[in-house]
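Please keep the sequence and the 3D view open while reading.

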Amino acid sequence: MNPAKTIGERLAEAGVSRRAFLKFCTALASMMALPPAAGPAMAQAIATRERPSVIWLPFQECTGCTESITRSHTPTLESLIFDLVSLDYQETLMAAAGHQAEAVLAAAMKENFGKYLLIVDGSVPLVEDGAYSCTAGRSNLALLKEAAQGAAAIICVGTCSSYGGIPRAAPNPTQAVPVSAVVKDRPIVNVPGCPPIPVVITGVLAHYLTFGNLPELDPLGRPKAFYGETIHDRCYRRPFYDQGRFAKTFDDEGARSGWCLYELGCKGPVTYNACATLKWNAGTSFPIQSGHGCLGCSEPDFWDRGSFYRPLAAADWGSAKTVGAAAAAGVALGAAAAWAARRRQDRFVKEAAAPADRKPEG
Amino acid sequence: MQDEVFPLRFERAPAAVLTGNARPVLAEVAALAERFAESGAGGAVDLAAMPLSPADVDWLRGTLGRGEVSAVIEAAGASSVEETAFAGVWWVTHRNPLGEVVAELIEVAAVPAIIAAAREDAAAGAARLAAIVAAPAAEALA
Amino acid sequence: MDLLAFARGPGMQWATAIFVAGVLWRLVGVALLRRKPDLSAPRVAAKWKGLRLIVLRSWPRKEFLGGTAFTEVMGYVFHIGFLVALFFYLPHVLFFADVAQGLLGVTFKGVFGVAWPTLPGGIIYFASAVSVAALIAVLVHRLVNPVKRLISNFDDYFSWFVTIAPIATGMAAYSHIGAPYQTLLALHLLSVELLMVWFPFGKLMHAFTIFAARGSTGMLFERKGATL
């Protein structure tokens, strides 16, 4: 395999016509929310590029993110890993195992030093030098530090590598941290979600391929193209929110009529993700369309932000105990103030009654 | 009856609701068509980028109607190109090999870009044709 | 911890505690004050009739109508708009429901048999806008009118500010104007918390004292035989 070949040459050899490629790029542009005219320009750009080497490291994670990317339909996982990138290491998808796999990893890191794209899913545990999660006898922490050195950029796939995710949930026994807490000197793109939408993962890769740089990010390091708007803003049930029509339980008339799930704890208004527009399973549906509120899985610490079923409006005002204590304090203060006022009155009355007692002034 | 035990009812598809977003899309198409008629410069509207419900898309499709030309392009899945009742306004649907819609646009042009043969492909085709012409007759027939 | 998490968590807890403690401090403090003994004989026996003043004072007497009509009308417009937005917007109702559940262990529906009604967002937005307009109108009036300006102090202006801030930020959050929704929501909550913290210590406390004050004044007047 000659890695110097451009993607266009490789596709031509594989018998992929220009039409098919143009169509592919049109679909990519559409998915990335670019103007339709970007399709032909992308076709031009991608065709002249070499396939970048991609190394995918799984840390403290559940493989849900890998499961998700295998469902990508634009581009399909096959076309992505065979045509567009050179996926050199991915434990779950690769055929090699054991020492062979580790040798592949070492070789890929060495050959493409400074150029490869590092994809990480899973958080990094810090306790006991990261002993809670190891691959081939090495801690995630050590592996990440080494792999990051030669990475052109790091893409954090999933909420765990982006923000710590579920491993970081209180009480965080492994002291799990996101990649950005370990690596400070490399460009990092967060693609959060539990898991992220498959086409969002591939879309970020496609952006890198097309433009040769990383997409514009929001303050939490997420690509604005996919995380620019809240679920609530793009939700098809939004009109019901505006009309004040809400499902009160999961089996009432409102729920059956597809009304807004805000009262049932939907976190859509404070969750930035593309579920409401791109949807899941090739555009079939997304949680709210299936009748359940948004959990807010693409936001930091979503697991520790109170019950999934408590309405967003129910802020933590305290408890009966704290409010009772405040009330008791208030009553005590009031009583003390009144007592002080009465004493002052008594003193004035006494002084007024016995002016002779007063010391001469001046 | 099952229904009486547990009155399951399908969600009234909110999709059947017109959001009011289709008309501005149509206005954009009209503007593109006008520009195309004047200067020959067309354009396209990506329907996935618009917050349209399926009912909105149906309304657009119905309003634009059908014209004289339709074509199917078999390139990594079927793509269909249909002229609408308004000449130069095309309804383009791209599907992947699994038949899933990967892009849907309204394109304003003399001919949608996907139909035209690319020069690179044409060059490769011409070379293959030339090879056939140059080959001995018996070999060509075989 | 980000701004929204602070506003929804510790900020709200402290504001609630300060609000409850402050309000009770002032109410109990006033209630336990010693009353001056009234040694004169009452002119009218039935002093409870004086409570009519609570209602009577709710609109101006004919004599003053010309001078106070603007303030009165704007006052009503603001208060009604504010209360509509406060008590009939679903997220607010859910917050109060959560408080009621946590403090008393009851739901509105459980006690009264029907759910607390809510209004569509558009109506709430309109009520808020009207409320803000009325608040701006009374502020301008306060600044333009020399007498009012003379008798106004920091309390008046700051109370005005902490009142209009939650409405304005709430409208901004609803319509997503100016900043990301989380930021606007956090600002809205923080402005509400500022209102709650200031509430017991400024003129806003009138919400708790106004009717008691009118009632006791009315009873005093009645006892002295004054025309209400």
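Between chain C and chain A, 16 residue pairs are in polar contact, counting those in which both residues have a pLDDT of 80 or more, a threshold that applies because this is a predicted model. On the side of chain C that touches chain A, the elements that give two or more residues are α1 (3-8), α2 (10-31), α5 (90-104), α7 (121-144) and α10 (181-198) of chain C. Among these, α2(C) gives the most, with 10 residues. Sorted by class, the residues on this side of chain C divide into 22 nonpolar, 10 polar and 4 charged.

Charged pairing also occurs across the interface of chain C and chain A, where 2 salt bridges are found. One of them joins C:D98 to A:R310, with the closest N and O atoms 2.6 Å apart.

How much area do chain C and chain A bury between them? The figure is about 3,300 Å², of which 61% is on carbon and sulfur atoms. Within the part that chain C buries against chain A, C:R8, C:W25 and C:R34 supply 20% of the area, more than any other three residues. In terms of residues, 36 from chain C are in contact with 40 from chain A, and of the 2 pairs of chains in contact, chains A and C share the most contacts.

Which residues of α2(C) are buried? They are C:G11, C:M12, C:A15, C:T16, C:V20, C:A21, C:G22, C:V23, C:V28 and C:G29. An α-helix has 3.6 residues a turn, so residues three or four places apart point the same way. The cover over the buried residues of α2(C) comes from both chains, and includes α16 (320-353) of chain A together with α1, α5, α10 and α11 (206-224) of chain C.

The other contact made by chain A is with chain B, and here 22 residues of chain A and 35 residues of chain B take part. Chain A and chain B bury about 2,300 Å² between them, with 56% of that area on carbon and sulfur atoms. On the chain A side, A:R19, A:K23 and A:R256 lose the most area to chain B, and together they make up 31% of what that side buries. The elements that give two or more residues to the side of chain A that touches chain B are α2 (18-31) and α14 (253-256) of chain A, and α2(A) gives the most, with 8 residues. By class, this side of chain A has 7 nonpolar, 8 polar and 7 charged residues. Chain B and chain C, by contrast, are joined by no contact, and their closest C-alpha atoms lie 17 Å apart.

The remaining features belong to the backbone of chain A. Most residues other than glycine have a negative phi, and most peptide bonds are trans. Against that background, a cis peptide bond joins A:A170 and A:P171, with omega about 5 degrees, and another cis peptide bond joins A:C194 and A:P195, with omega about 0 degrees. A:P171 is found in the loop between α9 (159-163) and β8 (176-177) of chain A, whereas A:P195 lies in the loop between β9 (188-191) and α11 (198-211) of chain A.

The loop between α9 and β8 of chain A also holds A:Q175, whose phi is near 55 degrees, a positive value in a residue other than glycine. A:Q175 counts as partly exposed because its relative accessibility is 43%. A positive phi of about 55 degrees is found at A:D301 as well, although A:D301 is not a glycine. A:D301 is placed in the loop between α15 (275-278) and α16 of chain A, and with a relative accessible area of 34% this residue is partly exposed.

Terms used
Residues are numbered from 1 along each chain as its sequence is written. Chains are lettered from A and ligands numbered from 1 in the order in which they are written. This is a predicted model: local features need pLDDT of at least 70, side-chain atom pairs count only at pLDDT 80 or more; totals for chains, interfaces and linings use all residues. Side-chain values use heavy atoms; hydrogens and water are left out. Contact means heavy atoms within 4.5 Å. Buried area is the accessible area (1.4 Å probe) that two parts lose on being put together, summed over both. Helices (H or I, at least four residues) and strands (E, at least two) are DSSP runs, numbered from the N terminus. Ala, Val, Leu, Ile, Met, Phe, Trp, Tyr, Cys and Pro count as nonpolar, Asp, Glu, Lys and Arg as charged, and the others, Gly among them, as polar. A salt bridge is a side-chain nitrogen of Lys or Arg within 4 Å of a carboxyl oxygen of Asp or Glu. A polar contact is a pair of N or O atoms within 3.5 Å; within protein, one must be able to donate a hydrogen and the other to accept it, and residues adjacent in sequence count only if both atoms are side-chain atoms. Buried means under 20% relative accessible area, exposed over 50%, partly exposed in between (1.4 Å probe, protein chains only).
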